[in-house]
Amino acid sequence: MPHQTTPRPPTAVTGDGSTGVVERRAVTVFVVLLAAVLAAAAARGPVLAAIAVGLAGAVMALAVLGRERMALLAMIGAFATAPMYKGIAPSPDTPITPTDLLFGVAVLLLVPTLIGRPVRLPMGYALGVLIILTTGILSTVFSPSPIISALQFFQWLVVLVGLVGLLAIWAPGWRIIDTLVWSYVAGHMLSVVYSPVGDKIANRDVGLTHHPNAFGEAGVMAFALTMYLWKRHDAVWYRVLVAGCAALSVLSVVTSGSRAAAAVVAGLVVMIPFVERSAVKGFLLALLMAIGIVSLPLLIDSSGDSSALSRLAGSGDAIVADNARLNAQDFGIEMFLSHPVLGNGFAETIYVHNVVLGVAASIGLVGLVGYLMVLFVMARPIIGNHPRRRLTYVAWAFIAITPTVPALEDRTLWVAMAPAILVAMNMRRLRPDDPFDVDPPDPEAEAAEAAEAPGVPALTATTTATETSR
């Protein structure tokens, strides 16, 4: 009937028994209060007005896109800025960089998601972290500068436990992991494109980073990630794109003048036939190396005194750099020998200029064992049958480059390596509860799983934990 009143349907009850009315009202009150605060701030000057507009835009984006999509965008931004995290900071000595802020935003937005997921970390990684925590706390307590040591130790734990653990618990699925990997590579490509017009140090390119060595380190990690991306698709345009990114990554290593980075890239190339288990690729690699050896003198002469190839040959400031590294190494050895069991704390670790020696000097032999356990867990899957094992190329690049790096918490290195924990967790399938992970079935993954369980599938402890976390 036209004048009959239709009763309003009751609000649907959610899984926890609530109707959501209180939550909606709370959000409305919060938005109104936030609008009032932003309006008051905008009236106090142009700087505060710009900040208020930015916060208002972020709130609007959160309302439109939703919490999980905003968290993903923050993660993408963090990975894209990681190759130059100190270069885009107000100062290279700034303790909190834009990359850290983006990760912080992502963590805050992902908290409701992370709370409901189990922690399924590899046993070797968990034991290694436990050893590092124990020895790190003891060495910091007995350190001559306990406050500084505690701050440095905390920064290392942020990447060693916080970043790696975040990806392990979140386990977003391979489609998102590929997006994050591409974000890192794209960020470094932007740095490479900027390098010809950017600043130089001793005629060595720095791109958007703060130092030539950091530029070379980012090139190494980006190159290792392209080795993984190469096998993700077989379309011609895709392979051309990945090859172009790999070539630009190698170019950044050469123009940075970093000899260690150049040596690591060469080592990664040598690994290809063993990882791919291909005699043909081994023959092609041997042929390529022979051509490179013959043409090496010409390459050195044409690359300039500041390139990585010329510095490997001893030109430029290579001798000065060698002397500085030897002095830092002697300092680290002296620190280690003074307290070889529990270490000296982290106050002076950065002066060692060698992460492995710095770990030994900071937390002693016992702590070094824990650190090596973590690296072993991250790097070991490359010799297995996991369909994404090539993602652990970056772990081997990390292991090879860190003996020449001073900072334990270098985000350029740790951010690139962190996704390898998912391979170490033996995560194969996609997450059925992830709205973003719509990747098609992976034939290689199915073949690997069939090979591991030809008959009735027998679940080990590892695979059971993995299935639970999917």
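This is a predicted model: local features need pLDDT of at least 70, side-chain atom pairs count only at pLDDT 80 or more; totals for chains, interfaces and linings use all residues.
User: How many salt bridges does a search of the whole structure find?

Analyst: A salt bridge is a side-chain nitrogen of Lys or Arg within 4 Å of a carboxyl oxygen of Asp or Glu. The search of the whole structure finds six. Residues are numbered from 1 along each chain as its sequence is written, and side-chain values use heavy atoms, with hydrogens and water left out.

User: Which parts does the pair Asp178 and Arg388 tie together?

Analyst: The side chains of Asp178 and Arg388 meet at 3.6 Å, N to O. Asp178 lies in helix H7 (residues 174-194) and Arg388 in the loop between H14 and H15, so the pair ties together parts 210 residues apart in sequence. Helices here are DSSP runs of H or I, at least four residues, numbered from the N terminus. Asp178, Arg232 and Arg388 are linked in a network of salt bridges.

User: Are Asp178 and Arg388 buried or exposed?

Analyst: Buried means under 20% relative accessible area, exposed over 50%, and partly exposed in between, with a 1.4 Å probe and protein chains only. Both Asp178 and Arg388 are buried.

User: What is the nearest side chain of opposite charge to Asp410?

Analyst: Lys and Arg count as positive, Asp and Glu as negative; His and the chain ends are not counted. For Asp410, which is buried yet has no salt bridge, that side chain is Lys86, 6.7 Å away.

Terms used:
Helices (H or I, at least four residues) and strands (E, at least two) are DSSP runs, numbered from the N terminus.
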